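Me: I am new to this structure. Please show it to me, and then let us go through it in short steps.

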Amino acid sequence: MHPPNYLYVRISNAPRRSLYLHTYSGIKIMKRILSMLIFCLGVAHYPVAANTGAQPEITADELERQIHQLINRERQNHGLSQLDKDELLAAIARKHSRDMANYHFFSHTNLQGEGPVERAKNHGWDRKKQADANTWAIGPGENIFMTHLYDKVVTIKEGDVTVKKEYAWKTPEEIAQSTVQGWMDSPPHRKNILSPKYDQQGIGVTISGHEIYVTEDMF
């Protein structure tokens, strides 16, 4: 235990869950295929940042727009057509991000045991398209990501009492960029983003406290 007049500072990076990544391929060949789940985590140590002020006002709509644009920029850079924004896919994605935030889980499968295809059907999804001579796609492909509004937090204590916390807040551009870059750095997620079989997508973002949940559904 520290003496009552002892002052110390603890610096913490954003929780490890900020680097979780999951991907799901929605192709079906007249039977259910198990989703591929990718779990990545990392830890990095940084000096204290100077951008510690009031929490910025960041909206889900703003992040959805920026993430959509960045994904299309990646596709253009690789000679692929842009993905059209689809409102039904966006509604499916938003619902899943909202559920992950509200019920504190991170998975393509919700607490009812429903994967992307089942969740899409619950929203009235009935589309399908032929991927090749023997394959029909009947549900969306999906990437999910979880991060935080801050990069790190500085905790100032006097003895055992926390007297102040300062957050190094991220900008909307940093959040969107880190989300898309995180997917692009992971081969399965990158494969989804750069797949020529997709021509539309919906991005769903939920901000809950300091946590941000992102779902990308593609078809």
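Me: How many Å does helix α2 reach from its first C-alpha to its last?
Reply: This is a predicted model. Helix α2 covers residues 87-103, which is 17 residues. At 1.5 Å a residue, 24 Å is expected. The span in the model is close to that, at 24 Å.

Me: Which residue caps the N-terminal end of α2?
Reply: Look for a side-chain oxygen by the backbone nitrogen of L88.

Me: Which elements do the buried residues of α2 pack against?
Reply: The buried residues of α2 include L89, I92, H96 and M100. A90, A93, S97, D99 and A101 are also buried. Together, the buried residues of α2 pack against α3, β7 (141-148), β10 (200-208) and β11.

Me: Is H104 buried or exposed?
Reply: H104 follows α2 and has a positive phi, near 55°. Most residues other than glycine have a negative phi. H104 lies in the loop between α2 and α3. Its relative accessibility is 60%, over the 50% cut-off, so H104 counts as exposed.

Me: Now the rings. What kind of aromatic pair do W125 and F219 form?
Reply: A search of the whole structure finds 5 aromatic pairs. In the pair of W125 and F219, the centres are 4.9 Å apart and the planes are at 85°. An angle over 60 degrees counts as edge-to-face. So the pair of W125 and F219 is edge-to-face.

Me: How many residues apart in sequence are the parts that this pair ties together?
Reply: W125 lies in the loop between α3 (116-122) and β5 (129-132). F219 lies in the segment after β11 (211-218). W125 is buried at 4% relative accessible area, and F219 is buried at 3%. The pair ties together parts whose separation in sequence is 94 residues.

Me: Which residue lies over the face of F219?
Reply: Two lysines are worth a look here. The charged end of K128 sits over the ring of W136, 4.9 Å from its centre. Over the face of F219, at 4.7 Å from the ring centre, lies K129.

Note on methods. Residues are numbered from 1 along each chain as its sequence is written. This is a predicted model: local features need pLDDT of at least 70, side-chain atom pairs count only at pLDDT 80 or more; totals for chains, interfaces and linings use all residues. Side-chain values use heavy atoms; hydrogens and water are left out. Rings of Phe, Tyr and Trp (its six-membered ring) pair if their centres lie within 6.5 Å; planes under 30 degrees apart count as stacked, over 60 as edge-to-face and the rest as tilted. Helices (H or I, at least four residues) and strands (E, at least two) are DSSP runs, numbered from the N terminus. Buried means under 20% relative accessible area, exposed over 50%, partly exposed in between (1.4 Å probe, protein chains only). A charge sits over a ring if NZ of Lys or CZ of Arg is within 6 Å of the ring centre and within 35 degrees of the ring normal. The expected span of a helix is 1.5 Å times one less than its number of residues. Contact means heavy atoms within 4.5 Å. A polar contact is a pair of N or O atoms within 3.5 Å; within protein, one must be able to donate a hydrogen and the other to accept it, and residues adjacent in sequence count only if both atoms are side-chain atoms.
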